Amino acid sequence: MARVTLQTIADRVGVSRMTVSNAFSRPDQLSADLRTRILTAAQDLGYVGPDPAARALARGTTGALGVLLSDSVPYAFTDEVAIGFLGAVAEELAPTGLALTLLTAAADGDIVPARDVAMDGALVYSCDTASPAVELLSRRGLPLVFVDQEPVPGIPSVNVDDRGGARAAAQHVVDLGHRRVALLTTGLRGRHGLVDAPFVDGQHHTERQRLLGWTEVLDAAGVDVRVVRTPHCRPEDGADAADLVLDPAGGPRPTAVLCYSDAMAVGLVRALAERGLRVPDDVSVVGFDDNPVAARMSPALTTVRQDHRAKGRAAAAALTGALDRARRGEPVAQAEAVLLPTELVVRESTAPPST
């Protein structure tokens with residue numbers, strides 16, 4: 001079968017090749033009747049449409065935006081917060097026709113996604129800023145938006161009020177009367193285990209902000225604080241963390257635990273139950289994120305709510321705005337920094353201390 005081209009359709013309808021091209025790429029240039037005739041002829045001839053690769057080459061764009069993830073792509077689909085964020089990004093981009101490409105910050109053999117995948121711009125989502133992948137994206141000169149990252153000059157950013165949310169969580173347990181509190185956090189780099197101070201090397205922006213919020217309140221109230229820091233890997237596995245939280249070598253058992261995320265809180269609550277401790281009777285537990293699992297678990301988890309869907313919409317809007325400015329050749333102005341609110345949600349996992 002002969003290959004069907006724009007010229008084939010033009011010959012069938014009796015118009016120019018450019019007119020056929022406009023029917024697909026600039027429909028406002030044609031009358032409705034003429035465009036219908038062209039599209040009908042194309043369908044009869046079995047023509048699907050212009051080759052996307054050729055169109056991208058002609059335009060100098062790919063029509064795709066990347067999302068750089070700190071974890072593996074499959075892991076992102078086990079995290080309901082990440083799923084909600086990515087879903088909102090996709091919904092915001094849908095009217096633009098831009099595709100979404102998920103990238104891992106890790107290299108896979110000779111393939112380095114941040115270097116090798118074609119894209120017009122990218123969201124850097126909760127990644128280690130020292131990662132080679134982040135540096136590669138920057139060196140490519142792509143429009144970027146940082147999400148859950150330390151804001152930097154010249155790059156738009158979208159964050160939630162992690163510090164304010166952590167303050168609210170800490171104030172909640174202080175108001176309940178807790179004076180022995182553990183902080184269960186996680187980090188990509190730096191020390192792990194039972195740490196003697198909450199501010200350790202290698203902190204990610206989100207971890208640092210939550211630690212600052214917690215300790216501002218707890219230090220002011222004279223609370224005895226124990227800090228446990230786990231590697232950034234499967235934070236829902238709370239067994240080892242629970243051993244450190246409860247370790248008698250660290251002093252009397254904490255009566256409340258403030259967790260970096262709801263995923264960590266779920267693992268901790270399960271591990272406490274395996275050790276015969278009840279939540280909140282023996283230990284109060286507070287999460288962060290308001291992951292959908294927080295309301296489903298038993299007891300329902302007290303947590304700090306962030307609107308991950310609003311974060312996704314804001315991130316997509318910031319990136320499409322950065323793309324538009326780049327296409328117009330506008331110089332980088334002062335980058336917008338979006339800070340979304342957080343809210344304490346009190347449920348059943350917190351109560352006054354029993355001892």
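Student: Contact means two residues have heavy atoms within 4.5 Å. Among contacts between residues at least 6 apart in sequence, what share join residues at least 24 apart?

Tutor: In this predicted model, 73% of those contacts join residues at least 24 apart.

Student: How many helices and strands does the chain have?

Tutor: There are 14 helices and 13 strands. The chain has 355 residues, and buried ones make up 48% of them.

Student: Which residues of α9 are buried?

Tutor: The buried ones are D162, G164, G165, A166, A169, A170, H172, V173 and V174. Just after α9 comes G177, which takes a positive phi of about 105°.

Student: New topic, then. How many aromatic pairs are there?

Tutor: The count comes to two. One of them is F24 with Y47, an edge-to-face pair at 5.5 Å centre to centre and 70° between the planes.

Student: Why does the pair tie together parts that are apart in sequence?

Tutor: F24 lies in helix α2 (residues 17-25) and Y47 in the loop between α3 (32-45) and α4 (52-59), so the pair ties together parts that are 23 residues apart in sequence. Y47 has 14% relative accessibility, so it counts as buried, the cut-off being under 20%.

Student: How do F85 and Y125 pair?

Tutor: F85 and Y125 are stacked, with centres 4.2 Å apart and 15° between the planes. That pair links distant parts of the chain, 40 residues apart: F85 is in helix α6 (residues 80-93) and Y125 in strand β3 (residues 121-125).

Student: Are F85 and Y125 buried or exposed?

Tutor: Both F85 and Y125 are buried.

Student: What about charges over rings? Where does the charged end of R210 sit?

Tutor: It sits over the ring of Y260, 4.7 Å from the centre. It also sits over the ring of F288, at 3.7 Å from that centre.

Student: Now the backbone. What kind of peptide bond joins V279 and P280?

Tutor: A cis one, with omega about 10°. P280 is in the loop between α12 and β10. Another cis peptide bond joins S298 and P299, with omega about 0°. P299 lies in the loop between α13 (293-296) and β11 (303-306).

Student: Why point those out?

Tutor: Because most peptide bonds are trans, and most residues other than glycine have a negative phi. D148 is in the loop between β4 (144-147) and β5 (157-160), and at 9% relative accessibility it counts as buried.

Student: What is the phi of D290?

Tutor: Near 55°, a positive value. D290 is in the loop between β10 and α13 and counts as buried at 13% relative accessibility.

Student: Last one: is E336 buried or exposed?

Tutor: E336 is exposed, with a relative accessible area of 55%. E336 lies in the loop between α14 (308-327) and β12 (337-340).

Student: What is E336 in contact with, leaving aside neighbours within four places?

Tutor: P156 and S157. The C-alpha atoms of E336 and G154 are separated by 8.6 Å, although the two residues are 182 apart along the chain.

Note on methods: Residues numbered from 1 in each chain as written. Predicted model: local features only at pLDDT ≥ 70, side-chain atom pairs only at ≥ 80, totals over all residues. Heavy atoms only, no water. Buried < 20%, exposed > 50% of the residue type's maximum accessible area, 1.4 Å probe, protein only. Helix = DSSP H or I, 4+ residues; strand = E, 2+ residues; numbered from the N terminus. Phe/Tyr/Trp six-rings, centres within 6.5 Å; stacked < 30°, edge-to-face > 60°. Lys NZ or Arg CZ within 6 Å of the ring centre and 35° of its normal.
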